[in-house]
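Colleague: I have the sequence and the model open on my screen. Could you walk me through a few spots?

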Amino acid sequence: MKTNPKLKFASILFFLVWPLGALINSLHKFREPQAKSIFWLFCIFFGLAFVIPKDVESAADSARYASNFIYLHYHHYSFSYLLSSLYNPDVGYTDMFYPILVWIVSSFTANPHILFAFFAVIFGFFYTQNLWIIYSQINRTISFILFLFMFSYALVNPIWNINGVRMWTAAQIFLFGNLQYFIFKNKKGLLYSSLSVLFHFSFIFPTALLFLYLFLPNKISIYFIFYLLVTLVKEINLLTVRESLSFLPQIFQPKVITYTDESYAQRIIESSSKFHLHVILAQNISRWFMFLWVLILYIYRKLWIPQSKKLESIFSFALFLGGWAQLASLIPSGGRFLVLADGLFYGIFILVLTQRTFYTKTKTIRLISTPLLLYIIIFKIRMGFDFIGISVIFSNPILALLLPDQTPLISFIKHLL
């Protein structure tokens, strides 16, 4: 599988005139080599047209990224100072990707849209690879339920997550490494997964779990029982967690203290209690939908494992990682690690659904799943409307750069209603 196939001139021209149209056309023919490249280009365009919120209290992370970037452009410091700041407790940089990229881009522009385009270059590259690693394995006609699973897989960690670029780029890279290792048996995948630590320090946790798993027996039943038991855990002692992480270097300790602070946890709970009903419903549906399909795959494992032994090990690791991610979700902000397991699970669901025997035997569960998946998809797209402007739909790279649109679609829709 080529990393990025070459594009025809007509495809490039189509993209430059109307990126969204080129994307839709390529997705309709997603098995053609050019589709993946068009998708990556659209991700970059999305970064250029990304709606950056105003930097006010409680604003999204992207607002702070943009403000810091503009400040750095006008108060630029030397590269040697930047290097001395990395992993320096006095400065607080706990990873390398963000400060180095921001330093480079801020040296020649103060336009934050350029910065987010660069964010999208890296995020979009691994995002695109992760999608096509799974999509390229599909060797049957795309049914409606399979299409919904493919769509849901793309929305596990979508392009608008460049809003929190450090965490979510690390997640894409970690998933890429996992897929390379478990699906293609490429040992370089372990290196890619490890590199995620350079994008967000917290990926020490899943990376350690990955290497630990390599020394454990490949017993699906053991990992499923673990996954099942931790699903029932409702709380965790934050002080114990903090003490167990005391071995980490001093640079990481302020973050550990923040994430395991009781008052911080209480603020997160109070903030969550203000969510609208549809948000709470979507979160619950997503979690229980995931558990339902994990259960179905485990029950019918004798139908699909003999057809694809490589899925056995990746399913085992997904259960192992998913169990620990559920425990981490009991810590404030720890729920973000569920995305890692979700990416693996959705990839497995898609590949298993391509097997005729399993597909035939699960008609009832597929019917039940259809409205649930539709609700999850609609909810996640709605979340993206906070960062998508009209220019993403109707504009092109030149217009987006010259006439940046900062009105999110959700505001436009609310105005119409």
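Modeller: First, some terms: on a 1 Å grid over the protein atoms alone, a cavity is a set of points where a 1.4 Å probe fits but cannot get out, while a pocket is an open set with protein on both sides within 12 Å along at least five of seven lines; lining residues have an atom within 4 Å of a point. Grid points are joined across faces, edges and corners, and a volume is the space filled by probe spheres set on the points. Bear in mind that this is a predicted model, where local features need pLDDT of at least 70 and side-chain atom pairs count only at pLDDT 80 or more, though totals for chains, interfaces and linings use all residues. Residues are numbered from 1 along each chain as its sequence is written, and side-chain values use heavy atoms, with hydrogens and water left out.

Colleague: Which helix gives the largest share of the lining of the second largest pocket?

Modeller: That pocket holds about 840 Å³ of space and is lined by 29 residues, with Leu-23, Leu-27, Phe-39, Phe-151 and Ala-154 nearest its centre. Helices giving two or more residues to this lining include helix 3 (34-49) and helix 8 (144-154). The largest share, 5 residues, comes from helix 2.

Colleague: Is Ser-106 buried or exposed?

Modeller: Ser-106 lies in helix 6 (residues 97-106). Buried means under 20% relative accessible area, exposed over 50%, and partly exposed in between (1.4 Å probe, protein chains only). Since the relative accessible area of Ser-106 is 1%, this residue is buried.

Colleague: Which residue's side chain makes a polar contact with the side chain of Ser-106?

Modeller: A polar contact is a pair of N or O atoms within 3.5 Å; within protein, one must be able to donate a hydrogen and the other to accept it, and residues adjacent in sequence count only if both atoms are side-chain atoms. At 3.5 Å, the partner of the Ser-106 side chain is His-76.

Key
Helices (H or I, at least four residues) and strands (E, at least two) are DSSP runs, numbered from the N terminus.
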